[in-house]
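Visitor: I am new to this model. Please show it to me, and let me ask how you know what you say.

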Amino acid sequence: MKKTILVTGATSGFGKAITLKFAQNGDNLIITGRRKELLDDVAKELVLTYNVEVLPLCFDVRKQEEVQEAIGGLPAKWKKIDILINNAGLAVGLGPIQEGLIDDWERMIDTNVKGLLYMTRLVAPLMVARNKGHIINIGSIAGREVYPNGNVYCGTKFAVDAITKGTRVDLLTHNIKVTQIAPGAAETEFSLVRFKGDKERADNVYKGFTPLTGADVAEVVYYVTTLPDHFNINDIVIMPTAQADTMHFYKR
Ligand code: NDP
Ligand code: 8X3
């Protein structure tokens, strides 16, 4: 049966790969992001290639009024969201706490924590009303272990870990699955954003080993949605084979 999937941050990286994966399987998609042109391109590609229905919603997850307008204003048929994938997120900067830029911190906290909460607050009641649904939060290995200079980004992903667990407990009696997927290093726009457009520095992160791709992450996201009703994967850490934890890489 066709499902309706809402993916935040579908203009690049994991989110874009996740939308492709679900579209290949015939599901309808609500896709979000701030970059309207890219969002519309993704929507067009999905409709033309896979003949699915796609609703692009351009908004900033940090802005509660925009989230409210977008989700509150969904036409009735699009309100039947089967799966919410809270993927939109970012790291900004990599430096010691005593030199941190408050604006970078706020961007990360507002996007990775508050944005995820705003989305969940509006979509979870729609699932509760239908007594079904699946919320998938994209965490990170950075939400399991801190690493030097990762301070606030790690903090936001530890928060995603805690919020995911709390969400699962609260939605338990509403038949809603809650899953966290926590990837290690994956080559997307992530490092380019973290290093504020410094491509050389971003490319360097992935030199000497094979990182995960958006498609790898999308495979796992899709997989956790294919299990029988009685069976949920609560939590999963996925890594490049060449990465043991946040600090240990086998680079050649
Ligand atoms: P990308 O930078 O490629 O994608 C991030 C996506 O998030 C974009 O589509 C971007 O869209 C969207 N986004 C960012 N800020 C906002 C905002 N304020 N409002 C709406 N959308 C926003 O990175 P990834 O695909 O790698 O990252 C996806 C998630 O995976 C993030 O939560 C990240 O923390 C996490 N992660 C990444 C890892 C990696 O190594 N790449 C590993 C582990 C977790 P737009 O700019 O158009 O708004
Ligand atoms: C992204 C992975 O280790 O760069 O969440 O923080 S890491």
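Visitor: What makes the pair between Asp60 and ligand 1 a polar contact?

Guide: This is a predicted model. In it, a polar side-chain atom of Asp60 lies 2.8 Å from a nitrogen atom of ligand 1. The cut-off for a pair of N or O atoms is 3.5 Å, so the pair counts. Asn87 uses a polar backbone atom, 2.9 Å from an oxygen atom of ligand 1. A backbone N or O atom of Glu189 is 3.1 Å from an oxygen atom of ligand 1.

Visitor: Which residues are closest to ligand 1?

Guide: Thr11, Arg34, Asp60, Tyr153 and Thr188, out of 29 that surround ligand 1. Helix H1 (13–24) and helix H5 (151–171) each give at least two residues to this shell.

Visitor: How do you know that Ser140 makes a polar contact with ligand 2?

Guide: An N or O atom in the Ser140 side chain is 2.5 Å from an oxygen atom of ligand 2. The limit is 3.5 Å, so this pair qualifies. The side chain of Tyr147 has an N or O atom 2.6 Å from an oxygen atom of ligand 2. For a polar side-chain atom of Tyr153, the distance to an oxygen atom of ligand 2 is 2.6 Å. Alone, ligand 2 exposes 240 Å², and the protein buries 83% of that.

Terms used: Residues are numbered from 1 along each chain as its sequence is written. Chains are lettered from A and ligands numbered from 1 in the order in which they are written. This is a predicted model: local features need pLDDT of at least 70, side-chain atom pairs count only at pLDDT 80 or more; totals for chains, interfaces and linings use all residues. Side-chain values use heavy atoms; hydrogens and water are left out. A polar contact is a pair of N or O atoms within 3.5 Å; within protein, one must be able to donate a hydrogen and the other to accept it, and residues adjacent in sequence count only if both atoms are side-chain atoms. Accessible areas come from the Shrake-Rupley method with a 1.4 Å probe; for residues, only the protein chains shown count as cover. A residue is near a molecule or strand if one of its heavy atoms lies within 4 Å of it. Helices (H or I, at least four residues) and strands (E, at least two) are DSSP runs, numbered from the N terminus.
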